[in-house]
Amino acid sequence: MANHVVISDERCKACRLCIETCPTHSLEQGSRLNKSGYQFTRFVQNGCTACGLCFYMCPEPEAITVIKDDGKSGE
Ligand code: SF4
Ligand code: SF4
């Protein structure tokens with residue numbers, strides 16, 4: 001599976017720090033609200049390099065998980 005990021009819908013507080021820091025524009029604000037009323041971020045596959053910048057920028061514990069390509073073919 002390609003490099004990707006999983007955002008926890010309920011932990012995200014929509015501060016946008018990850019969106020603004022991502023060098024590949026692989027994150028965007030979603031249109032749905034979580035239970036706390038935040039328009040949580042969603043991942044869009046746009047050449048994510050698994051650099052981890054979004055993870056380091058995010059102030060919310062466990063809101064972002066970065067998953068690096070395991071090198072196997074296929075999704
Ligand atoms: S790991 Fe890097 S490239 Fe991937 S979404 Fe996060 S900031 Fe963007
Ligand atoms: S940095 Fe964390 S809390 Fe802020 S928008 Fe991104 S995932 Fe949500």
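**Figure 1. The largest nonpolar core of the predicted model.** Twelve residues make up this core: Val-5, Ile-7, Cys-12, Cys-18, Cys-22, Leu-27, Phe-40, Cys-48, Cys-54, Cys-58, Ala-63 and Ile-64. A nonpolar core is a set of buried Ala, Val, Leu, Ile, Met, Phe, Trp, Tyr and Cys residues joined through C-beta atoms within 7 Å. A residue is buried if 20 or more other C-beta atoms lie within 10 Å of its own, exposed if 12 or fewer, and partly exposed in between, with C-beta atoms placed from the backbone. In soluble globular proteins, nonpolar side chains tend to be buried together. Beyond neighbours within four places in sequence, Ala-63 is in contact with Ile-7, Ser-8, Arg-11, Cys-12 and Cys-58. Contact means that the C-beta atoms of two residues, placed from the backbone, lie within 7 Å. The model is predicted: local features need pLDDT of at least 70, side-chain atom pairs count only at pLDDT 80 or more, and totals for chains, interfaces and linings use all residues. Residues are numbered from 1 along each chain as its sequence is written, while chains are lettered from A and ligands numbered from 1 in the order in which they are written.

**Figure 2. The whole fold.** Two helices and four strands form the secondary structure. Their order from the N terminus is β-α-β-β-α-β. Helices (H or I, at least four residues) and strands (E, at least two) are DSSP runs, numbered from the N terminus. The C-alpha trace spans about 40 × 20 × 20 Å along its principal axes. Buried residues account for 19% of the 75. Of the contacts between residues at least 6 apart in sequence, 62% join residues at least 24 apart.

Figure 3. The shell holds 14 residues, with Cys-22, Ser-26, Cys-48, Cys-51 and Cys-54 coming nearest. A residue belongs here if its C-beta atom, placed from the backbone, lies within 6 Å of the ligand. Ten are nonpolar, four polar and none charged. Ala, Val, Leu, Ile, Met, Phe, Trp, Tyr, Cys and Pro count as nonpolar, Asp, Glu, Lys and Arg as charged, and the others, Gly among them, as polar.

**Figure 4. The surroundings of ligand 2.** Again 14 residues surround the ligand. The closest are Cys-12, Cys-15, Leu-17, Cys-18 and Cys-58. This shell has ten nonpolar, one polar and three charged residues.

Figure 5. Strand 2 (residues 27-33) pairs with strand 3 (residues 39-43) in the antiparallel sense over four bridges. Strands pair if DSSP finds at least two bridges between them. Leu-27 has Phe-43 as its bridge partner in strand 3. Five residues lie between the strands, and Gly-37 in this hairpin takes a positive phi near 90°.

**Figure 6. Loop residues.** Glu-10 sits in the loop between strand 1 (4-7) and helix 1 (17-21). With 13 other C-beta atoms within 10 Å, Glu-10 is partly exposed. Phi of Arg-16 is positive, near 75°, in a residue other than glycine. Ala-50 lies in the loop between strand 3 and helix 2 (53-57). Its phi is positive, about 60°, although Ala-50 is not a glycine.
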